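Please examine the sequence and the three-dimensional view before reading on.

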Amino acid sequence: MFSYIRWVSAVSFLLVMLAVFFFGRELREVASQDLTAVANNSNASLAQGFINTTWKNYRTQMHAGMEWYNKFRASGVPYDQWKNYHGYSEMMNDFSVLDAFSRDVFKYFEDTPIVEATIYSAGGIRILSVNQSSALSPQNTEGMFSTSPPQAERKDGAFDKAIAGTMSGGVVENQAFVRPDGVAIRGTLVKALVPILENKDSQFSPAVVVNCKSPDKTGPGCGSAPSVEAVLEIRYDVTAQWSRLDMLQHIGMFAVMGLFSVIILLLLFTSGRAESIIAKQHEANVELAAQAANAQAENRDKSQFLANISHELRTPLNAIIGFSEFIKSERSGKIGNEKYAEYIRDIHNSGVHLLSLINDILDYSKAEADKLELEISEVDATKAVKNSMRLVSPRAESAQVQILEEIPREHFIIHTDPKKLKQVMLNLLSNAVKFTPSGGSVTVTMWQNVVDGGLSIEVKDTGIGIAPKDISRAMAPFGQVDNTLSRKYEGTGLGLPLTRKFVEIMGGIFAIASEVGKGTTITVSLPKESKGRIAKNIDAETQVVKPVPTPTNTNAASINMVEKTVPEKTVIEQAAALASSTGNA
């Protein structure tokens with residue numbers, strides 16, 4: 001991705017450079033045209049003034065002399081023999097005013113910003129030329145009467161346009177010219193070639209053709225085949241303006257190129273930094289993924305260890321519970337000592353409590369390993385919730401906590417695991433009673449969801465509550481908000497996490513909201529039809545759990561481990577049978 005960005009940046013930079021170059025050239029051309037148009041407007045006025053003041057005084061002699069000159073050139077007679085022919089003296093007499101004409105031309109353009117003014121005949125022969133410092137040769141006939149007389153430049157086509165009757169010109173760079181102080185320099189000039197039209201009416205002076213291409217085609221000389229008797233070339237010095245324009249053009253080009261270069265460099269720098277950050281992030285993600293995999297493996301090992309140790313502990317615990325229950329019920333005779341009876345009750349209660357904790361650990365380990373299975377059947381949820389409330393009532397009365405219900409009279413029927421639902425309610429109610437101080441209350445509310453027909457159960461207490469920042473800890477396995485060694489409330493910290501696991505396995509949603517000092521509200525939403533994993537040892541028609549087979553060796557002094565599924569014999573019956581078999585042995 002980032003190599004693509006660098007490639008695109010390089011191509012974009014090249015394209016922008018080319019665009020800036022061509023745009024600069026186009027801008028330069030437009031500026032040249034504008035500058036030429038401004039100069040032409042000024043030149044037209046100067047040329048018209050020159051024609052009306054200076055040219056009209058020498059027009060007749062120049063016109064007559066050029067007629068003889070053109071005849072001699074057209075005759076093919078060598079120029080050194082012209083003097084022997086008729087008309088030579090008349091031509092020389094007409095050209096005798098060239099010096100006076102050149103001085104008058106110099107005077108006319110002396111106070112104007114004109115660098116050089118040149119007059120050409122209609123055939124392109126230079127008649128005279130003046131600059132800002134002096135009149136240039138040939139103002140006499142020596143230059144004209146040669147094998148290669150000075151002529152107008154025709155390469156750019158401007159002179160031909162002037163002969164056709166249209167004023168033309170353009171910008172000429174790196175041209176040599178003379179300043180008013182007589183110093184010859186090079187610079188940029190704007191030249192304009194102005195056609196001087198022949199005027200047939202002697203009462204009027206010749207005119208200048210400004211633009212015969214205008215829409216109205218009006219003006220002197222506009223019409224078919226205008227007659228041009230001379231061409232006036234005027235050159236302006238625009239070196240300073242052109243240098244300033246050139247400088248602005250280069251500044252603009254370099255500014256655009258610099259700005260774009262900075263943008264490209266920032267883009268490359270940012271992409272490089274981003275690439276480096278992403279590479280580091282990728283390395284960190286790989287490392288975190290490895291750590292997560294190790295943590296998951298360790299968690300699976302821990303869960304497997306807890307499951308194994310729980311299985312190992314449940315076997316002797318079943319024996320302890322069974323024998324203590326057997327002794328407590330005095331089935332083989334009186335205990336005799338009341339102190340022993342108290343001890344055996346404590347042993348039995350502790351064993352039952354410990355077995356309950358081990359069962360929770362085992363259930364959570366199965367849930368973590370995704371091995372919990374549902375025994376789905378049609379359940380009267382209203383009846384199941386009320387039964388759970390009755391089972392917790394003795395403990396609530398002992399803690400002086402009132403259990404309230406807001407349950408509709410109609411019964412809610414859902415398809416789910418009745419044992420898991422009962423365990424969920426017992427966990428929630430026991431937890432609410434345990435953390436509610438004396439004089440508080442626990443309220444159970446039920447309602448049916450109108451949209452999907454599911455069931456929602458809310459258990460709300462007025463207990464100590466949990467700070468929002470501690471909810472995640474309370475929902476973590478073995479999490480305890482009060483995590484000190486001398487904590488006030490007993491428990492492994494599996495109640496809420498295991499309850500949430502059961503709810504999720506049944507396809508429901510577990511939600512908790514709590515505030516310190518105000519209590520906790522837990523909402524369980526169950527679907528009308530649970531779609532969890534069905535236990536394989538359940539008969540599909542009767543939904544009765546098949547008994548767990550027991551070993552055939554009945555002489556062993558042990559009691560079979562009782563699973564949480566429905567057993568074939570109760571613990572007491574197994575203990576009594578074992579005691580009888582041991583006594584008969």
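**A guided reading of the model**

The backbone oxygen of Asp-99 lies 2.7 Å from a polar atom of the Ser-102 side chain. Such a pair is a polar contact, meaning N or O atoms within 3.5 Å; within protein, one must be able to donate a hydrogen and the other to accept it, and residues adjacent in sequence count only if both atoms are side-chain atoms. Ser-102 belongs to helix α3, residues 98-110. With a relative accessible area of 3%, Ser-102 is buried. Buried means under 20% relative accessible area, exposed over 50%, and partly exposed in between, with a 1.4 Å probe and protein chains only.

The model is predicted: local features need pLDDT of at least 70, side-chain atom pairs count only at pLDDT 80 or more, and totals for chains, interfaces and linings use all residues. Residues are numbered from 1 along each chain as its sequence is written, and side-chain values use heavy atoms, with hydrogens and water left out.

The chain has 11 helices and 13 strands. Helices (H or I, at least four residues) and strands (E, at least two) are DSSP runs, numbered from the N terminus. Of its 585 residues, 38% count as buried. Among contacts in the chain with a separation of 6 or more, 70% are between residues 24 or more positions apart; contact means heavy atoms within 4.5 Å.

Asp-237 and Ile-114 are 123 residues apart in sequence, yet 7.0 Å apart in space, C-alpha to C-alpha. Asp-237 lies in strand β6, residues 228-237, and is partly exposed, with a relative accessible area of 33%. Leaving aside neighbours within four places in sequence, Asp-237 is in contact with Pro-113, Val-115, Phe-177, Thr-188 and Leu-189. The side chains of Asp-237 and Thr-239 are joined by a polar contact of 2.6 Å.

How do the helices pack? Helix α8 (residues 418-434) and helix α10 (residues 495-505) meet at an angle of about 150°, with axes 10 Å apart. Axes are lines fitted to C-alpha atoms, for helices over the stretch in contact, and angles run from 0 to 180 degrees between N-to-C directions. The two helices are therefore roughly antiparallel, a label for angles over 145 degrees. From α8, the contact includes Val-424 and Leu-428, and from α10, Leu-498 and Phe-502 are among the residues taking part. The contact of α8 with α10 divides into six nonpolar, five polar and one charged residue. Here Ala, Val, Leu, Ile, Met, Phe, Trp, Tyr, Cys and Pro count as nonpolar, Asp, Glu, Lys and Arg as charged, and the others, Gly among them, as polar. Within α10, Leu-496, Pro-497, Leu-498, Thr-499, Phe-502 and Val-503 are buried. Just after α10, Gly-507 takes a positive phi of about 85°.

Helix α8 also meets helix α7 (residues 381-398), where the axes come within 9 Å and cross at roughly 35°. The residues that meet include Val-385 and Met-389 in α7 and Met-425 and Leu-429 in α8. By class, this contact has 12 nonpolar, two polar and three charged residues.

Two further residues have a positive phi without being glycine. Asn-174, with a phi of about 55°, is in strand β4, residues 168-178, and is exposed, at a relative accessible area of 53%. Gln-400, with phi near 55°, is found in the loop between α7 and β8 (402-406) and counts as exposed at 55% relative accessibility.

Key. Angles under 35 degrees count as roughly parallel, over 145 as roughly antiparallel, 65 to 115 as roughly perpendicular and the rest as oblique.
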